[in-house]
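Subject: Structure handover

Hello,

Please find the structure below, followed by notes on what was found in it.

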Amino acid sequence: MIKTLTAYTKEIDDPEAAVAELLKQLDLPKNQLKHSVGLISCYPEFTEKETGFLPALHKALPFDIVGSTTCLCATEGQVDMIQLSLTVLTSDDVEFRAARTGSVLQGADKPVAEAYAAATKDRKDKPAMAFVYVPLLISVAGDVVMAALDKESGGIPLFGSVSLDNKTDYSTARTIFNEEADREKLSFVLVYGKIDVSFDVVSLNEDKVIKQKAIITASQGNLLIGVNNVSALEYLLSIGLTRDELSMGLGVVPITVDYRDGTQPVARAVFTTTPEGYAVCGGEMPVNMSLGVGRIDAADVLKTAEASAQKMVASDGSGVLSFSCMARYLVLGARSMMEAETIGRVMSEKKMPYQVMYSGGEICPLPDKNGVMKNRLHNFTCVMCRIK
């Protein structure tokens with residue numbers, strides 16, 4: 001059994017006061033069990049070295065903390081941009097092993113293999129799952145980094161987020177490991193023991209996805225080069241999208257990719273297009289896979305989020321983690337906090353501890369046609385994990 005504790009602070013100027021506020025809410029002397037780990041989401045300024053916040057927090061907590069920056073997070077009924085949310089998972093019979101890779105900018109396989117080997121060197125048993133925080137790198141697709149961990153771990157379920165901030169160039173998006181915040185490193189938590197978790201994934205309204213699917217005929221990683229044997233840009237313009245829409249990128253053009261293995265199609269964002277007519281997407285675009293183009297609006301965001309939250313609280317649990325795409329946040333416009341508020345309302349009604357944060361990419365497994373879980377990176381999606 002895992003016990004879930006949550007806390008938040010909006011005190012960004014005084015690290016000692018902020019840490020004291022968090023510790024008071026957690027009440028660790030009363031609530032902490034034998035094994036613990038902290039999962040953190042926060043406004044980027046909390047991670048700046050000159051604030052001294054992460055060293056102060058790490059010094060105060062008797063366990064590792066991992067996580068990432070975000071543009072908005074929520075817990076305990078509190079939703080804000082300039083906020084830090086902390087979830088502590090603690091258990092007598094489930095163990096946690098936190099780890100950090102080196103830079104994955106030049107490739108993920110080696111640094112992920114080294115970090116995973118170091119984290120598991122004294123364990124003979126296999127982790128049951130992992131919580132993962134992937135750096136946001138335009139030149140290295142998040143699912144490439146995820147795939148490296150999937151390979152090293154033997155395909156254990158991975159649940160997590162790609163780092164995010166509130167800047168157009170994502171220059172302050174960082175992953176967190178204890179006292180360090182970095183733009184190029186993967187942080188993860190291996191979970192050992194008998195766990196009870198369930199996942200949910202909600203994305204586009206199928207009624208708003210073009211029914212006539214196309215085929216990806218050329219690609220390179222997350223670069224969509226050709227569709228139906230014409231350039232990606234030519235295809236997207238041919239189905240009614242405009243150059244202005246495509247230049248706006250994230251939050252406007254959702255693409256779905258069907259892996260043809262029985263899993264639910266995965267949503268992808270188009271970040272931008274290149275002078276050559278290629279589309280830079282939020283994840284890998286495998287050749288010969290089926291592609292669809294859709295739309296998303298504020299009503300869809302709120303409806304799907306509430307339905308997913310209701311599903312999570314329908315069964316017993318000790319807490320829920322939710323990662324939602326920044327595209328959904330942008331679609332809400334002036335009502336940008338409403339999705340997090342909706343999830344929080346449902347959780348609070350059932351007195352379920354929770355953490356919501358926005359993401360540059362959502363990591364959550366999907367079952368294939370045989371019920372085997374396949375790890376996937378999503379865009380335009382809200383993913384949830386119910387912990388028991």
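Two strands are taken to pair if DSSP finds at least two bridges between them. Helices (H or I, at least four residues) and strands (E, at least two) are DSSP runs, numbered from the N terminus.

The model is a predicted one: local features need pLDDT of at least 70, side-chain atom pairs count only at pLDDT 80 or more, and totals for chains, interfaces and linings use all residues. Residues are numbered from 1 along each chain as its sequence is written, and side-chain values use heavy atoms, with hydrogens and water left out.

Sheet with β13 and β25

Six strands make up an open sheet with mixed pairing, in the order β5-β4-β22-β21-β25-β13. Its edge strands, β5 (78–80) and β13 (197–202), each pair on one side only. On average, neighbouring strands in this sheet are turned by 10° against each other, direction ignored. Axes here are lines fitted to C-alpha atoms, for helices over the stretch in contact, and angles run from 0 to 180 degrees between N-to-C directions.

β13 and strand β25 (residues 382–387) run antiparallel and are joined by six bridges. Within that pairing, Asp 200 stands opposite Met 384 in β25.

Helix α8 (residues 298–313) lies across β13, β21 (319–325) and β25, and runs at about 165° to β13. Helix α10 (residues 338–349) packs on the sheet and touches β4 (73–75), β5, β21, β22 (354–359) and β25. The direction of α10 makes about 165° with that of β22. Contact means heavy atoms within 4.5 Å.

Sheet with β1 and β6

Another open sheet of six strands has the order β1-β6-β2-β3-β10-β11, again with mixed pairing. β1 and β11 (180–182) are the edge strands, each pairing on one side only. Neighbouring strands here are turned by 20° against each other on average, direction ignored. Helix α1 packs on this sheet, touching β1 and β6, and its direction makes about 150° with that of β1.

β6 has an antiparallel partner in strand β1 (residues 3–9), over seven bridges. Leu 5 is opposite Val 88 in β6, and Lys 3 has Thr 90 of β6 as its bridge partner. Strand β2 (residues 35–42) also pairs with β6 in the antiparallel sense, over eight bridges. There, Leu 39 has Thr 87 as its bridge partner in β6.

How many residues of strand β6 (residues 84–91) are buried? Eight of its eight residues are, where buried means under 20% relative accessible area, exposed over 50%, and partly exposed in between (1.4 Å probe, protein chains only). In a regular strand, side chains alternate between the two faces of the sheet. In β6 both faces are covered: Leu 84, Leu 86, Val 88 and Thr 90 are buried on one side, and Ser 85, Thr 87, Leu 89 and Ser 91 on the other.

Cysteines

Searching the whole structure gives zero disulfides, a disulfide being a pair of cysteine sulfur atoms within 2.5 Å. For Cys 42 the closest cysteine sulfur is that of Cys 73, at 7.3 Å, which is too far for a bond. Cys 364 is likewise in no disulfide, the nearest cysteine sulfur being that of Cys 385, 7.4 Å away. Cys 42 is buried, with a relative accessible area of 0%. Cys 364 also counts as buried, at 0% relative accessibility.

Backbone and loops

Asp 27 is not a glycine, yet has a positive phi of about 50°. This residue sits in the loop between α1 (15–26) and α2 (28–31). Asp 27 is partly exposed, with a relative accessible area of 31%. Asn 288 also has a positive phi, near 75°, in a residue other than glycine. Asn 288 belongs to the loop between β19 (279–281) and β20 (290–293).

Is Lys 24 buried or exposed? Lys 24, which is placed in helix α1, is exposed, with a relative accessible area of 73%. From C-alpha to C-alpha, Lys 24 and Ala 7 are 8.7 Å apart in space, and they are 17 residues apart in sequence.

Regards
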